[in-house]
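Have the viewer open while you read.

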Amino acid sequence: LFSWAAGMAEAEEEEPGPEPRLKFPPWFGSIWKTFTAFTGSLPSIESAQTSLECLAVRWAGEDTSSALNAKRILPVMYWLFYPLFVWVALAVLLITLAKVVHPVMR
């Protein structure tokens, strides 16, 4: 939930939903608790957009016009070149597989 919606969520009453048709087996609850036991201890990873904006503020300063421009331009450059980089990396991998692995496996 968003921080501004926390009060609204507490005020709403949950209506009971329909009875599920598929019942989970009794052992599922304990296994699910085991899988999700360490979820709170995992570090939070920021999105690429947030990381780039923080990098732009660190590089250009906090309250300057160059910081505002950097906060706009750096993510645009990243999102422009990232897909191209992925396509080039995929093409190199496929060419390597076709030229090196395929003749060996024949």
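How many residues apart are Phe28 and Trp32 in helix H2? They sit four residues apart, about one turn of the helix, and H2 itself covers residues 28-35.

## Ground rules

This is a predicted model, so to speak a computed one: local features need pLDDT of at least 70, side-chain atom pairs count only at pLDDT 80 or more, and totals for chains, interfaces and linings use all residues. Numbering starts from 1 along each chain as its sequence is written, and side-chain values use heavy atoms, with hydrogens and water left out.

## Overall layout

The protein has four helices and zero strands, running α-α-α-α from the N terminus. Helices here are DSSP runs of H or I with at least four residues, and strands are E runs of at least two.

Of the 106 residues, 8% are buried (under 20% relative accessible area, 1.4 Å probe, protein chains only). The protein exposes about 10200 Å², with carbon and sulfur atoms supplying 68% of that; the areas come from Shrake-Rupley with a 1.4 Å probe.

## The aromatic cluster

Rings of Phe, Tyr and Trp (its six-membered ring) pair if their centres lie within 6.5 Å; planes under 30 degrees apart count as stacked, over 60 as edge-to-face and the rest as tilted. That rule gives five aromatic pairs. One of them is Phe24 with Phe28, stacked because the centres are 4.7 Å apart and the planes at 15 degrees. Phe28 also stacks with Trp32, at 6.0 Å centre to centre and 20 degrees between the planes. Phe24, Phe28 and Trp32 form one aromatic cluster.

As for cover, Phe24 is exposed at 59% relative accessibility (the cut-off is over 50%), while Phe28 is partly exposed at 29%, between those two limits.
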